[in-house]
Structure formats: C-alpha cells, structure tokens
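Trainee: Please pick one part of this model and take me through it closely. I'd like to hear how that part ties in with what surrounds it.

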Amino acid sequence: MSDCTVTALHHLDGTVIAVTGAMDIHTCPRVEEATAVLPVGNKTLRLDLAGVSFMDSMGLNLLLRLRNRIHGSGGHLVLADVQAQPCAVLRLTEAYALFDITCAADGFIGSAR
C-alpha cells in the first residue's frame, strides 16, 4: 500500500492542498476526501504536488474530476510543482493543456485558458 500525506492551508481567496507520496488507487480517496469539503465558488485551489513522485490513471482521473467540479462552480485549479513522472502522465494523455501547471522538472508554467 502506498503512503500519502495530505495537508490543507486555507486562505480568504482559496486553499493550498499539499500532497506527498503517490497518487494511485490506494491514496486517491484520501486526496479526494480532503478536496470534497472545500467551498470552491470563485476561489482558487492550489494543489501542491511537489511531493508526488508517482501518479497513475486514478490520480489523473481525480485531477480531471476535481478540475470539472471547481471550474463548474466558478473556481480555479492550479497544479503546482508537478514532478517529472506526473507531468509526463499529463502530457502523454494530452490532459496537460486542461490545467494551469507549474512543472518542477523543467520550470515550465503552462496555462489552459
């Protein structure tokens, strides 16, 4: 079973959630639980993925559902400090363009607008 830590820091204009460990079938429920209780209307959720070195299709699915939920309520999702392997998954599946992303691996900042 994969280890995963999820911490949240709330601000007036949004929330920062930091995830460490893998985002996979075993850990995604914990991440989803942390994000499900957030008020998202007109707020920004910054998902700090600096500590995530592995993401599988469950992690990708979670990010896509989270994006749809947040954008559907007028909020904004930013994926911050995405490591090489999760960044590669986003690029390989062509989901990269759907997110505002900073990739830690190459310092690139992408915007989907």
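Mentor: Let's start with Arg-65, which counts as partly exposed at 39% relative accessibility; on this scale buried means under 20% relative accessible area, exposed means over 50%, and partly exposed is in between (1.4 Å probe, protein chains only). Before going on, keep in mind that this is a predicted model, where local features need pLDDT of at least 70 and side-chain atom pairs count only at pLDDT 80 or more, while totals for chains, interfaces and linings use all residues. Residues are numbered from 1 along each chain as its sequence is written, and side-chain values use heavy atoms, with hydrogens and water left out.

Arg-65 has a partner: its side chain meets that of Glu-32 in a salt bridge, 2.4 Å from N to O. Glu-32 sits in helix H1 (residues 28–36) and Arg-65 in helix H2, so the pair ties together parts 33 residues apart in sequence. Glu-32 is partly exposed too, with a relative accessible area of 31%. If you count a side-chain nitrogen of Lys or Arg within 4 Å of a carboxyl oxygen of Asp or Glu, the total comes to 1 salt bridge.

Now step back to the fold around H2. Helices here are DSSP runs of H or I with at least four residues, strands are runs of E with at least two, and both are numbered from the N terminus. The protein has 3 helices and 6 strands, and along the sequence they follow the pattern β-β-α-β-α-β-α-β-β. H2 belongs to a right-handed β-α-β unit with E3 and E4; right-handed means that, with the strands pointing away from the viewer, the path from the first strand over the helix to the second runs clockwise. The chain then crosses from E4 through H3 to E5, and that β-α-β crossover is right-handed as well.

Strands pair if DSSP finds at least two bridges between them. E3 and E4 pair in the parallel sense over 5 bridges, with Thr-44 partnered by His-76 in E4. E4 and E5 also run parallel, joined by 3 bridges, and there Val-78 stands opposite Asp-100 in E5. 6 of the 7 residues of E4 are buried, so the strand is largely enclosed by the rest of the structure.

An α-helix has 3.6 residues a turn, so residues three or four places apart point the same way. Just after H3, Glu-94 takes a positive phi of about 60°.

For the whole chain, 40% of the 113 residues count as buried. Among contacts between residues at least 6 apart in sequence, 58% join residues at least 24 apart.

Definitions and conventions. Contact = heavy atoms within 4.5 Å.
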